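Thanks for coming. I have one structure to go through today, so let me put it on the screen.

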2 protein chains.
Amino acid sequence: MNKPKIVVLRLGHRRERDKRISTHCGLVARALGADEIVYSGEEDAGLVERVNKVREKWGGKFKARYDPEWRRFLKTFNGFKVHLTFYGEEFATGVLKIKKEMKNGKNALIIVGAEKVPREVYELSDLNLSVGNQPHSEVAALALVLYELTNGAGLKKIFNAWKVRIVPSGRGKKVVERG
Amino acid sequence: MNKPKIVVLRLGHRRERDKRISTHCGLVARALGADEIVYSGEEDAGLVERVNKVREKWGGKFKARYDPEWRRFLKTFNGFKVHLTFYGEEFATGVLKIKKEMKNGKNALIIVGAEKVPREVYELSDLNLSVGNQPHSEVAALALVLYELTNGAGLKKIFNAWKVRIVPSGRGKKVVERG
């Protein structure tokens, strides 16, 4: 059995308004242990490139790509589909459900909306999960879900093929670079 | 002994560029259990108002305010000062240190930088903490620290004096409103 994959789907990206938030979603997905982010909404080659450049420099296999047809992608995704919404089911309970599915070998799709999420997304998802019931941030919600799904190990992941690497340090900056 | 407070200091806010990221920092601070956010950098009444309006609607005592003199604020803060930086000390170990200080009744200051953080901040902090050693997002870093410091309880916090509240739900949207 292959290790289940974690894929992030970012819906409804708006080139200007969501520039940094969508970039942060991609970087968080990579740094917290997801395998891929699929962007939908307005096409934005710069966004995809920005996130993939981080991989080139910092290593690993994480990929960002753009898919204009989010509906088809969502419907045909092979795995357990989780939509993050502050209307959803309680966090800890929901996380256990996802972990159970992943333990059974299922891939997980984490869906992150922008401003207004179509009703269909709620219906096409296997789980509507709330990361708290207060308004905050899709970047934070994504980070917390990935943190729990990887039991914190996402944060400690070793990325291969890096050109730059940070060595943890209480004082100052320790950076290692290589060809 | 009073319950130790958690205060967030957002450094170097830039009105245009950081508009949404700084807002997300404020909302995350509130939703994950901090008591206050202090913004520094470019003055931005709209930002402070946006975050405080969320309190008026969704309840609780969380406050956002602006302080142009971050250096003085940082130097005179009464408590344990933690600067989030991906150059810093390993996450789990660092979190234990903060918890220990808070257990002894100390307030915690969580410092979140923008683009370029002055060297002084590293030196004035009691702890430089890395939330992973990969580039990601100050919003995510803040969320993960607060999540750990409150043992996940921040997410479940009940806010008093709300006008709107969400009831967790697997399907659909359950919203309660009152005067």
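This is a predicted model: local features need pLDDT of at least 70, side-chain atom pairs count only at pLDDT 80 or more; totals for chains, interfaces and linings use all residues.

Residues are numbered from 1 along each chain as its sequence is written, and chains are lettered from A and ligands numbered from 1 in the order in which they are written.

The contact takes 38 residues from chain B and 38 residues from chain A; two residues are in contact if their C-beta atoms, placed from the backbone, lie within 7 Å. On the chain B side, the elements giving two or more residues are α1 (19-31), α2 (45-58), β4 (80-89) and α6 (138-149). Helices are DSSP runs of H or I with at least four residues, strands are runs of E with at least two, and both are numbered from the N terminus. The largest share, seven residues, is from α1(B).

Now the symmetry. Chain B superposes on chain A by a rotation of 180° with 0.0 Å of shift along the axis, at RMSD 0.0 Å, fitted by least squares on C-alpha atoms of residues with pLDDT of at least 70 in both. The two copies are therefore related as by a two-fold rotation axis. In chain B, A140(B) has the C-alpha nearest the axis, 2.3 Å from it.

Last, the helix pair. The crossing of α1(A) and α2(A) involves S22(A), T23(A), G26(A), L27(A) and R30(A) in α1(A), which meet L47(A), R50(A), V51(A), V54(A) and R55(A) in α2(A).
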